[in-house]
Structure formats: C-alpha cells, structure tokens
2 protein chains.
Amino acid sequence: MPKNCNFIEKLRGVGLRPTKQRINMCEVLFNREKTFHFTINDLVKMISEKMNQKISLATVYNTVHAFEKKGYLKEISIDSHKSYFDTNTSSHHHFFDEDTNELIDCDESDIDKINIRKNIPGKKINSVEVLIRVASDNQNQK
Amino acid sequence: MPKNCNFIEKLRGVGLRPTKQRINMCEVLFNREKTFHFTINDLVKMISEKMNQKISLATVYNTVHAFEKKGYLKEISIDSHKSYFDTNTSSHHHFFDEDTNELIDCDESDIDKINIRKNIPGKKINSVEVLIRVASDNQNQK
DNA sequence: AATCTACATTATAATAATTCTAAACTGTTG
DNA sequence: CAACAGTTTAGAATTATTATAATGTAGATT
Ligand SMILES: [Mn+2]
Ligand SMILES: [Mn+2]
Ligand SMILES: [Zn+2]
Ligand SMILES: [Zn+2]
C-alpha cells in the first residue's frame, strides 16, 4: 500500500494542492490507527519533528482551517482557553479529564441516544454533543 | 425589599468586598427576572450604561472571574472564538443558534436524563452538558 | 522541458483578547 | 480617624490568531 499517494488524492479531491507541508500534515494527522485530539501547539511540534525542519505557524493555522472547512478536522472547544481539534469528524461525545486536560472519545454505546423534546421554530438541529467533565475521585482517600 | 443590600451581603458572604463596581455588576447580572447569557463585551457595555461612566476592562475581567470562582457565574464555550458567561450556574443544557449566535437554555424537561454507561477508572463525573447546535431550516423554502 | 499562473508558504507585522503592573483608591477593622 | 489589605485603574505586556507581501511551487500550457 502506497503512503503519500492516498493523501495526494485526498487533497486533490477537495481542491487543495498537495504541497509538501500539507502531505506531511496529513501523515501526522491521518496516517495512524486511531483518531486523536490535538492543539495547534501539539501539531506544530509533531510536524516539525516529522519534517526535521521548521514549518511556519501561519501555514499550520491555514492548513488546519482548510482541513476543518473541508471536513477533515473538527474543533472541540472546552473553555475559552482550551481548544482542541479532532481527527474524528463524526458527531460524537467526549469525556474531558480536568486533571490531565485530556479529551477522550465516547463510544456510541457509552451513552443512550439523546432525545430532544423541544424544537426551536424554523430551526433544524445540526448537532447534539455531550461533554462529560471528569476529575480524580478523592472522596475515599482521606 | 431593599435593592443593594442583598448584593452587599451576597458579596460579603463569599469574602468579596462590596465595592461600587461589584455592586453595579451584581445589579446588572442578578437583579432581573430570568438568568441570561453574555459576553465580556456585552457586560462592559451594560455596566458602563448603568453607571454612566467608564469601568476598567481589567475590573470587568477580574470581577467576572472572581464571580465565576465563587460560583455566581459559569462559562459556556461554543468555539474558540465564542465564549459566553451564564448567570444560570446550575448544570443545564443549551441550544446554540448558529445564525444569531444566541445561546438558549434547555429546560429540564426538554431532554431525557442522560445515562452514561462507561466510567473512567478513578475519576468521578463533575458535569454532563449537552450542546445542541441549530440553524435556520432552509430545506423547504425553494 | 521551459514558461506561465494561480495558489501556497514564509517571515514578519498587525490585531485582538486577556492578563500583568504598579500607583492610586477604598472598604473594613480597631 | 489611622492603618491595612484588598480593589480599581490606565496602560503596558503577553498570548493567540490573522494579515501582509515577497518568494516559492504545483500543475497547466506551450
Ligand atoms: Mn476564564
Ligand atoms: Mn477556528
Ligand atoms: Zn473526539
Ligand atoms: Zn444557560
């Protein structure tokens, strides 16, 4: 199985030119078993390590936003100071570990389907997502 | 029923000095029928109008964060560019209208209780909140 | 293959949001 | 009222993000 070719086609498919930076970014983001969550800073480090050279911060922002617009990434905002991107772009729920600042996907089976009884007139529902904040359980530690 | 006295006591009760700025802020935030959602910018405008004079932006930030820490306010983050505060500090769900950028509370009765089947070892659940993004329904408009 | 052109990358500057600083001010205590 | 600690303030500093404009490159055209 070829490596980059997939990403070249993937990029071409949505009208993005397969540049060196974008292909590297694709490999860092999508060439793995499982989806994951990252911050812009995480990503800059990962790409620089992979490429063994600097990548412009502006390019990382531009490309992340391009990928987001094309549906390759989605943003998950925890609070005004903590924003993550997710390579899992399906609609899904999250645990957020307030001790480690780690974002963890919920499986489909972890939560019952959410039933919304109210609807806003003239509006349709685009997404329904749950955020479950967890933290270390210190009540039985004395 | 007295007006400010309530707020003076409220502030004292959590160890905050009842300064002019804080009392004004309390009146803007809590002296109303219903809870509401606001941004820092909204609030600065509301306070300046009420006080008929400038209030330092740093004071608004400081005081909002003091109130947040004391449990008078909670932050609701929509995405990295849209952060709101809520005078309803109970755990509750929201609709977010992507057309108007308006945040709307869900009533208790609008959503069934959410049942989480998974748990993270050693962690307890602090909150479970749902965000329902809605937008204008243009599919039957032709 | 050389040329062309639109798009992409880059370093850097600009902007926006938030926080810090240090001086002046004010609520509280005695 | 004196004294102190906490608060407000204007403005500076910091951080995150976006804009700019020169340079580089992918892909098409010859
Ligand atoms: Mn905050
Ligand atoms: Mn964004
Ligand atoms: Zn996820
Ligand atoms: Zn609310």
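**Strand pairing and the interface of chains A and B**

In the predicted model, Phe38(B) stands opposite Phe85(B) in E3(B). Strands (E) are DSSP runs of at least two residues, and helices (H or I) are runs of at least four, numbered from the N terminus. Two bridges join E1(B) to strand E3 (residues 82-86) of chain B, and the two run antiparallel. Two strands count as paired if DSSP finds at least two bridges between them. Three strands of chain B form an open sheet in the order E1-E3-E2, with antiparallel pairing. Strand E1 (37-38) and E2 of chain B are the edge strands, each pairing on one side only.

Residues are numbered from 1 along each chain as its sequence is written, and chains are lettered from A and ligands numbered from 1 in the order in which they are written. Local features need pLDDT of at least 70, side-chain atom pairs count only at pLDDT 80 or more, and totals for chains, interfaces and linings use all residues; side-chain values use heavy atoms, leaving out hydrogens and water.

Strand pairing also links the chains. Strand E6 (residues 123-136) of chain A is joined to E6(B) by 13 bridges, and the strands run antiparallel. Ser136(A) stands opposite Lys123(B) in E6(B).

In total, 39 residues of chain B are in contact (heavy atoms within 4.5 Å) with 38 residues of chain A. The area buried between the chains is about 3,500 Å², of which carbon and sulfur atoms give 49%. Buried area is the accessible area (1.4 Å probe) that two parts lose on being put together, summed over both. Lys118(B), Lys123(B) and Lys124(B) supply 15% of the area that chain B buries against chain A, more than any other three residues.

Eight salt bridges are counted between chain B and chain A. The criterion is a side-chain nitrogen of Lys or Arg within 4 Å of a carboxyl oxygen of Asp or Glu. Arg117(A) forms one with Asp112(B), with the closest N and O atoms 2.1 Å apart. On the side of chain B that touches chain A, strands E2 (74-79), E4 (94-97), E5 (102-105) and E6 (123-136) of chain B each supply at least two residues. The largest share, 14 residues, comes from E6(B).

Chain B can be laid on chain A with an RMSD of 0.1 Å by a turn of 180° and a shift of 0.0 Å along the axis. The two copies are thus related as by a two-fold rotation axis. Superposition is by least squares on the C-alpha atoms of residues with pLDDT of at least 70 in both copies. Of the residues of chain B, Val130(B) comes closest to the rotation axis, at 2.2 Å (C-alpha).
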